Structure formats: C-alpha cells, structure tokens
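I opened the model today and kept notes on what I looked up. The entries follow in the order I made them.

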Amino acid sequence: MFRPEIYIMLSIIMYLLVMLIVGYVCSKKNNTTDDFYLGGRKLGPVVTAMSAEASDMSSWLLMGLPGLTYVSGICDASWTALGLAIGTYVNWLIVAKRIRRYSHVANNSITIPDFFSNRYRDNSNIIMMISASIIIIFFVPYTASGFAACGKIFSSLFGINYLTAMIISAVVIVGYTALGGFLAASTTDLIQSIIMSIALVIVLAFGIQTAGGMNAVIENAKSISGYLSMNTIHDVVSGTSVEYGIVSKISTIAWGLGYFGMPHILLRFMAIEDDKKLSISRRIATLWVIISLAAAILIGVVGLSMTKAGAIEVLFGSSSETIVVKIASLLSTYGAIPAIIAGIILAGILASTMSTADSQLIAASSAVSKNLYGVFNKNKNLKLSMKTARFTLIAIAVIAAFIARNPDSSVFEIVSFAWAGFGAAFGPLVLFSLFWRRTNRYGAIAGMVSGGGMVFLWKYIVKPIGGFLGIYELLPAFIVSSFVIIIVSLLTEKPSKEITDEFDIVKNMKD
C-alpha cells in the first residue's frame, strides 16, 4: 500500500544527512577559533550572497510570511517585504564593503563585539560585554523560534509529538554547526537557499493548478474585503477590512532598518575573501530576496484560494503558518514521485529554519565563548578555545530548545521582536561606526543601551496604548538610538588621533 509519509521522511532524512556530512567535511578546515567563527575570511561571492540571505530569511519566509498573507491579505506582508528588499540592497551597497575593510584593519575583528571594542579602543571591555549580552538576549529566543518551526513541521505532518520533533531537529542543527562552525553554516546555507528556491517554485505551481488556475486565485482574493489592497488589511474576525494608514506603512517599511544591525548577516560581509567581489554578491542577494519574498506572499494568496476550493482546510491563528506544509501534504497523495517532491518542499522549510538557526548559534556562542569568556580568561590554549566554543554553542542550543518547548508560540512574533532588538541596538551604531568620524566609545555604549532598552519599552508599555503609537517598535527605537549616539558623542571627549587616523585609512581605501 502506498504511504506518502515514508517517501517524505526518506527525502528529509537524506537532506539532514547531507547537512551533517557537510559539517564533518568543514570541521577539517577549522584550525583556530578564527576559522570556527569567521571561516578564515575565505568565502566566495556566491556563498557570501546566498548564505547571508538564507540565514536572513529563516522559517519566516516559508512559514511566517505566507501565513500572515493567508489570514490578513497582501497589505501588511507586502509593505514588510518592500522594506526588507530596500534594506537588503542598501545594506549590501553601503555597509558590506566598509565593514569588511574596517573589521580587518581594526585588529582583524572576527565578531561584532570585537569590532565595536577594537573600533573604539575600549580597554575597559564595557562595549564588548554589553554588545555580547545583547546578542545573547535576542539571539537565544530567535534560535528558539527556528527550533519551534521545525517541531511544528514534523508534528503537523506526521503526528509526531511536537517536543520530540523539535529536539531531533535541534540536535541535527547543533551537530553540523558544532562540527564545522561558520564555514559549515555558510556552505549549508548555500545548499539550503537552493532547496528553498525549489520549494517556492513547486508550491506555487502546484497550488495554482489545484486552486483552478491563476484567474481563480485572483477572483477568490478579490471577493474578500481588502484582501488585495495595499491600503487595507482583512480582519478575519469581522470579515471586513481595516485601514492601513501612512504611519503603519512607514513603521512596517522600517523592517529594512534591521539589516544594519544583524550580526549573522554582517559576519558574512566580514568573511568574504575579496571585498571587490561584493558587488556580485549584492546583485545575487537582492534579486533572490525580491523573487523569494514575492513568491512567499503569493503562496499565502494561493493557499486561501485552495481553501475556498476545498483542497485544504481553513487555517486560523498560528496554524496559518503551516500553509506550505498543508500544500506539500496534499501533493504527496498523488504518488511516489510527488511524495518525494513534497519531501523536498518540506526540506526547503527546514532549510529556511536551519540556515538561520545555525548562524544564530555561531553568533551567540561567539558572544559567550570569545567575547564574554575571553574578557575574564586570557588563556590562549588553542584546543581549550575550540572546546569552549563548541561547548558554548551546545549550551545555548539547550536553552533555546527549552524556550521552544511551547508549540503555540508564533514564529512571526518572535522573529519580529528579535529583529527589532538587533536593528535598534546595533544598527545605528554600525552606521555611525563606519561613517561618522566623531563617534566615540561613550556614544557607542549609550546608543546600544538606549536602542535595546527602547525596543522593550515601546513593545510592552507604549505600543499597547494603541493609535499612532501602535507602530512597530524598531522605528522609534532606531531613531532614539541614533539621536543618543550623536548627542552623547558631541557632549563627551573627541576620539583619539589613533582612532581617527584608522577611520581615515579605511575611508580612503580605493575600490
């Protein structure tokens, strides 16, 4: 008797085994902690581009964004996608090359806390400890959202206990990342970005066909109030549309500001072997992001039409984030080959999740083992350093898995909060560090603390007030951090000549 779940499971197992093999192969190339955390700055332009964007999109691309579109229409999702597309391009255009050069000149910095500390000659290590703590605060729950997404996939598809499925997924991610470090994460991210692309294409093609064609998809969406409007969002409770004002649009586009402060993306810029090839990476990354975001939104619209056609059941709340899983499950019932293809689609969802989780684990573990632990322990023993790096990575994964034990958590909500945290705490400081000569260590410290603090303040105290204050917390926190950096830097002593001379060296480097 034909059992599609067997073929799906075999496809996924093969994918997971390949990831572990890549981790093992890459482990042979890790001779130092610098190799483990930054791949020895040897990434090529294609790997740099695709690993950066695969680690960026996470499960949000194949679960969060289609789910958001499915329940509320294209408005919120499209304005978010527009902000992300613009942010991606601008980040590659103005930040990538400068931070690659500056991080190398600034005592060959291999982590973001390293760069900030070296950039401002902070011998007190205050900048190091604050920035490392921010990474831990926001990356541990971010990683947990990835583990949770994996658990939801297996639980929804096979009826496996959520907790069991989540732990198995976490073990595989930790396995290849702990073995191969940054190089393994980047190499697997390239593979995963390809699988994600294949999954998007297959889901769209099958979904449109099942829904009765593109005309049927459009007509079904038009029949729902506000569903295809860029100015209103669909309210699933009342069945009516709600106005999406200019303030909401601006704050949603502000998602793009988050790119300037994402450690796992900035590390890709720092790791490319030849900074002159970053223009190639920029073109590849931007094109992939635009196409992928558009496809993800369209999947949500197609999924709604499939529901109206009776092909899949109606999805509510966080269950809408499993829309791609439902489509893949339906495809698997058509025979052995479709079941294998469905397995590839589900591997694509795993890829989107794992490509971010592995990068987050690397960044978070480096913040602990290299930055925090390194401040208090000056032992340079190579073997001990590598063991500490791997042990820290595993410990952080255990904490993230504990946080992810609740199956009802929303991937979109967790990701949006962590995104705001990094965007506000690090984003303005990265820009000022790279482009404003007058920035000093006091401004850097004040900017990180005020930006990170404002994210919590706005989300939990100001935003609940509602009205125009109910905007995404990243925008006000980013603005506050920027102003604080400027004001504090101008009110305190100028940076030393050594610091400004180094800034000028980087500024005057020829392209």
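Predicted model: local features only at pLDDT ≥ 70, side-chain atom pairs only at ≥ 80, totals over all residues.

**Entry 1**

Residues are numbered from 1 along each chain as its sequence is written, and side-chain values use heavy atoms, with hydrogens and water left out.

Helices (H or I, at least four residues) and strands (E, at least two) are DSSP runs, numbered from the N terminus. Two packed helices are described by the angle between their axes and the distance between the axes. For H4 (residues 74-105) and H19, I noted an angle of about 140 degrees and axes 10 Å apart. That makes H4 oblique to H19. The cut-offs are under 35 degrees for roughly parallel, over 145 for roughly antiparallel, 65 to 115 for roughly perpendicular, and oblique for the rest. The axes are lines fitted to C-alpha atoms, for helices over the stretch in contact, and the angles run from 0 to 180 degrees between N-to-C directions.

**Entry 1: salt bridges**

Side chains of opposite charge can pair when their charged atoms come close. I used the rule that a salt bridge is a side-chain nitrogen of Lys or Arg within 4 Å of a carboxyl oxygen of Asp or Glu. How many salt bridges does this rule give? The count comes to seven.

I looked up Arg 121 and found a salt bridge to Glu 498, with the closest N and O atoms 3.2 Å apart. Arg 121 lies in the loop between helix H5 (112-119) and helix H6 (126-158), and Glu 498 lies in helix H19 (residues 497-507), so the pair ties together parts that are 377 residues apart in sequence. Arg 121 also meets Glu 502 in a salt bridge, at 2.9 Å from N to O. Glu 502 lies in H19 and Arg 121 in the loop between H5 and H6, so this pair ties together parts that are 381 residues apart in sequence. I noted that Arg 121, Glu 498 and Glu 502 are linked in a network of salt bridges.

Next I checked cover, where buried means under 20% relative accessible area, exposed over 50%, and partly exposed in between (1.4 Å probe, protein chains only). Arg 121 is partly exposed at 27%, whereas Glu 502 counts as buried at 9%.

Which residue does Asp 122 pair with? Asp 122 forms a salt bridge with Arg 441, and the closest N and O atoms are 2.7 Å apart. Asp 122 is in the loop between H5 and H6 and Arg 441 is in helix H17 (residues 441-462), so the pair ties together parts that are 319 residues apart in sequence. Asp 122 counts as buried, with 4% relative accessibility.

**Entry 2: covered helices**

I then looked at helix H10 (residues 263-271), which is mostly covered, with nine of its nine residues buried. Among them are His 264, Arg 268 and Phe 269. Helix H16 (residues 427-435) is mostly covered as well, with eight of its nine residues buried. The buried residues of H16 include Gly 427, Pro 428 and Phe 432.

**Entry 3: a loop with positive phi**

In the loop between H4 and H5 I looked up Asn 107. Phi of Asn 107 is near 60 degrees, a positive value in a residue other than glycine. Is Asn 107 buried or exposed? Asn 107 is exposed, with a relative accessible area of 60%.

Asn 108 lies in the loop between H4 and H5 too. Phi of Asn 108 is near 50 degrees, again a positive value in a residue other than glycine. Asn 108 counts as partly exposed, at 33% relative accessibility.

**Entry 4: a pair of serines**

Ser 225 lies in the loop between helix H8 (214-222) and strand S1 (232-234). I noted that Ser 225 and Ser 241 are 16 residues apart in sequence and 5.5 Å apart in space, C-alpha to C-alpha. Ser 225 is partly exposed, at 31%.
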